[in-house]
Structures are given as structure tokens and as C-alpha cells.
Amino acid sequence: MTDLLITGGTVVDGTGAAPVRADVAVTGGRVEAVGDLAGRPAARTLDASGHAVTPGFVDVHTHSDLTLLSGPEAHSAVRQGVTSVVVGNCGLGVAPVAADPAALRAAAGYLDLDPAVRWTWTDLPGYLTALDAARPAVNVAALVAHIPLRAAAVGFDDRPADAAALDRMRGLLSDALAAGAAGVSTGLVYAPACYAREDELLALGRTAAAHGRLFAWHVRDYADGLLDSVRQALAVALATGCRTQISHLVAVGRRNHGSVARALELIDEARARGADVAFDVYPYLAGNAPLSQLLPDWAQAGGDGPMRARLAAPDVRARVVDEWRDMPLTWDDITVSRVPGEAPDTGADALAGRTIAEIAATAGTDPSRVALDLTAAHGNGVLMIAAGRSERDLLDALTHPAAVIGSDGQALDPDGPTGHGTPHPRSYGCFPRLFAEYTRRPGGLPLAEAVRKCTSAPAERAGLAGRGVLRAGAVADIAVFDTERITDRATFAAPAQYPDGVRAVIVGGRPVVEDGAHGGARPGAVLRIP
């Protein structure tokens, strides 16, 4: 007997094929059949009349490395329709753990929202075992992050990797890829990855290519240097043959609006030359990152502790402020979204949710001083939301055939330790927002193409075989939603709001979300790539 029969829905299978009226049978965690299945006996039936039935969304770009250990229910992700996530993006990761675990944890402060989470692992297999033990509600694949690789082989200082260090990084990466990692990521604005030279990036690319895995790039600059940064990633892709993913392709700062179109031309040229290159994007006009990302590279040398100590020196502060005079953003564009240790009920005194300019005006001081004081006090743990992006750039990226959707967010629990502050609304509403704002609008993305960008396309980029498609034999990761009602409710002012219109989310054949409510099931699997 069929375990679950989903009847009356419109199947959008994830391949880009036109939607069709069909039923879906699920047995043993896999799709048993798709078609006219009237009369088939089933232990359970879900009436999907008036709804789209699609593969579960594959979020290829997340930072849920630690939040899934704090809140394995993955509330903010799975309620959107997400059934699989990829962690370890932007060079920010938690394995391998070098000789100084505290320094690595501080470097990964952007990920570290719950200090109660214990780091019990030393390598990627140990981390994946910890995820297994947590039993997350969603499936999880992991990239190997550049920061822990470089920390293990070189340390946190600004110096090139010598031959021995390159061999060490290649060996650590090869071991992690052999243990099932989906690929490697770099984040060339984050210390110490920002100190990597060309030979180091080529070494990572060649290792990824040798294993047939992905190399994901948070490029060196998304503002004035966007095009040169994209050229660097493409040069490594062409030189090494590695499958390449450019992360969250955007142009930051009003003076750089329009640069995305030229970046897409560069990507098209590289693809025409045989490079396997794509990119991810999320449907918002603001991003989220550590406030320390604004600091020049030299100010971050040595790791979190030395950086914070350095920022106490008047001459260092003066030099940073001088370099900030030509920032592509203003302090009105930058909102504090989380301060470590700030109580959720701070009320009018809260820093989270206010711009740097507003905080400075209230305190009667200079915005640069506010930013430096926060970073000196809390290091990489202070998070910001940065605006100043272009709708035209976003549309250019979203509609490009090589684009896939990646939230760049985290699986958060609004009632738990990870729910504090005012996080970017993408963590709660990325995928529903795509359908509400960019598929339903006249002339927007066709439904089948939007679903493909959320399902089979990102699954293919990450090497997740059997995911992202709705056909017989595929893993039964399924989303059921009303295409006319699906809407993100999360806003920048009030982000911790779940979307409307998501009827059901099924992971590995088991319902996790029904009628918008999380039932508590945690059937996700840790995906080790063979």
C-alpha cells in the first residue's frame, strides 16, 4: 500500500517542464509514481487541489552550520518549503578545527548565534556526526570552508601560504571531500581567507576539480571591485576546470548600480569558453554580514582577538576612518541586526534594528566611532544589514539562466537562542518572496522556471543526486503551496514571521509542515556526497 497519496494538485516537477495536473504517490521515502492515481489505496491522503506540488526547495547557500545544532527543527527554513540546505558557504565554517579552537570559533562569529552549542568535533566527519546526532528536520550537505583550512595550515596572519601550507590545505580538503563534502567555499572579504594569493585559490580549485566537486566563491569585492573580483573567480574556473558557483551576485552601493549586467556578460563569456559557472541570488535589496566585513584587510590580521585589541589604538582607528571616507554605502544604509548578549527585551535601548547613523545621533557621537566601538567590543559577532542595491541588478540576476536561488540565510528558531535580534528576513521568507514578488507579477519568472531555480538547478550545482525533481524513484522531498497565496510576511522591521500559503512540506516522505504548522518531525538526512 502507498504510504502517502497527494491528490488533485498541479505538479511542477522541477525540471522546467510545464505544470501538469497529477497525483503523487510516496512509499518508503521515495516517489513511487506521478500521474492519474485515482483509486490507489494509501495509508494517508493529502488533498492538494488548487495547489502546486513541487520538489522541496534546495537552499544551496545557507549559514546554518551551527543553528541546526541549536534548533534542529529548522523552523524558519522548512516552513518556507525548504527541504535541503548546503552549509559551509562564504569560506565561513566549523571544520577542520585548528590548534586554537577559540580563535576559529571567533572567526566564525557570524554563524555562532547560540553559545551553548558545544564544538565536539575536530574534522568534517566529526561535524557531520554531530549533525546526525541532532536529527535535523531538513537534509544537510556541507562545503569545506576556506577559513578553517587556512587557519589550520597558515594561521590567522596576513602572509602567503608556502609550499608546505598549500600541501596541508590540499590534504585537509581532499580528506573532507572524500568524507562526503559537497565542495569547498571561499570568502575573500573575511580574515584570514582575504590574505589568500592566486596560487592558493588555484590549489583549492584543482583539488575540487579532482574530486568533481563545487568551488563556491564569496568574491573579493561586491562594490567598486566587483568586475575584477568576478574575473578572478572565472580565471580560476577556466584554469582548473572546477565547477564554480559565484555566491549572491550583487553590486553594492549606488555608484555601482548596473555592474551586475556586465558581470553576467563575463560569466556568459566564460561559459562559452567551457567553464562550468553559475551563481546564486536572493530576492532582496539588502544583504547581511558581520559588521567587521567593513574593516580593511590589514585591520583584521591575526584573528578576532588581535583585531579587537588593535581597534583600541587611536592611530588605527584614525586610519580606518580615513579609509571609510569613500565607502560605497552610507551609515544610513547599515542597520545593526544582532549584538552578542543583547537581551531580546532591551526595548528602546536596543541597538539591533537601528542604523549606525541613528545610534550615533542618539549618543551624540560619530557613526564611525559607533561601528568601531561595536566591533572592538564584540568582534565578528556583531551583524549588520546593508542596503543600497538596485532592483534592476536584482532582476538581471534573477532572470539569467545560470541563476539559482540561495537564501544566504540561516535556519532560525524565533523562540530560541537563534531568534534574537532583527535578522535579515530572507531567513524566514526568501523562497515565498520569490514566488510572491517575482513570479506572480506580470512579466515575471514563469512558475516552472522559478521552481527549477529553487530545486533541480541548485541540487545539480551542489551534486545532490536524486534531489530537486519530482519523478518516480526520486527522494520524496516535496513542497505543496498555493501559487496565488504564497507570500513572505517577514520584513526588515519584523523578520520573525512565517510565510503564508505553504500547505505542506514533506522531507524523505514524512510530513514536517502541515497547514503552516511544524509538527515536530525531524526526518532530515546528512548528505554525504559519494
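This is a predicted model: local features need pLDDT of at least 70, side-chain atom pairs count only at pLDDT 80 or more; totals for chains, interfaces and linings use all residues.
Two packed helices are described by the angle between their axes and the distance between the axes. Here, the pair to look at is α11, covering residues 314–324, and α13, covering residues 367–378. Their axes come within 11 Å and cross at roughly 125 degrees. Angles of 65 to 115 degrees count as roughly perpendicular and those over 145 as roughly antiparallel, so α11 and α13 are oblique to each other. The handedness of their crossing is right-handed.

Who touches whom? On the α11 side, the residues are Arg-317, Val-320, Val-321 and Trp-324. They meet Ser-368, Arg-369, Ala-371, Leu-372 and Asp-373 of α13. Sorted by class, that contact has 5 nonpolar, 1 polar and 3 charged residues.

## Thr-186, tucked into a strand

Thr-186 sits in strand β9, which runs over residues 183–187. Is this residue buried or exposed? Its relative accessible area is 0%, and the cut-off for buried is under 20%, so Thr-186 counts as buried.

The side chain of Thr-186 has a polar contact with the side chain of His-146, at 2.7 Å. Skipping neighbours within four places in sequence, Thr-186 also has contacts that include Cys-90, Gly-91, Ala-193 and Leu-201. Phe-215, Ala-216, Trp-217 and His-218 are among its contacts too.

Most residues other than glycine have a negative phi, and most peptide bonds are trans. With that in mind, here are some spots to check on screen.

Start with the cis peptide bonds. One joins Ala-95 and Pro-96, with omega at about 0 degrees; Pro-96 lies in the loop between β7 (82–87) and α3 (101–107). Another joins Ala-191 and Pro-192, again with omega at about 0 degrees. Pro-192 belongs to the loop between β9 and α7 (198–210).

Now for positive phi. Ala-74 has a phi near 55 degrees and is placed in the loop between α1 (67–70) and α2 (75–78). Its relative accessibility is 1%, so Ala-74 counts as buried. Arg-135 has a phi near 55 degrees as well, and its loop is the one between α4 (124–134) and β8 (139–145). With a relative accessible area of 46%, Arg-135 is partly exposed.

Technical notes: Residues are numbered from 1 along each chain as its sequence is written. Side-chain values use heavy atoms; hydrogens and water are left out. Axes are lines fitted to C-alpha atoms, for helices over the stretch in contact, and angles run from 0 to 180 degrees between N-to-C directions. Helices (H or I, at least four residues) and strands (E, at least two) are DSSP runs, numbered from the N terminus. Angles under 35 degrees count as roughly parallel, over 145 as roughly antiparallel, 65 to 115 as roughly perpendicular and the rest as oblique. A crossing is left-handed if the near helix is turned anticlockwise from the far one by less than a right angle, and right-handed if clockwise. Contact means heavy atoms within 4.5 Å. Ala, Val, Leu, Ile, Met, Phe, Trp, Tyr, Cys and Pro count as nonpolar, Asp, Glu, Lys and Arg as charged, and the others, Gly among them, as polar. Buried means under 20% relative accessible area, exposed over 50%, partly exposed in between (1.4 Å probe, protein chains only). A polar contact is a pair of N or O atoms within 3.5 Å; within protein, one must be able to donate a hydrogen and the other to accept it, and residues adjacent in sequence count only if both atoms are side-chain atoms.
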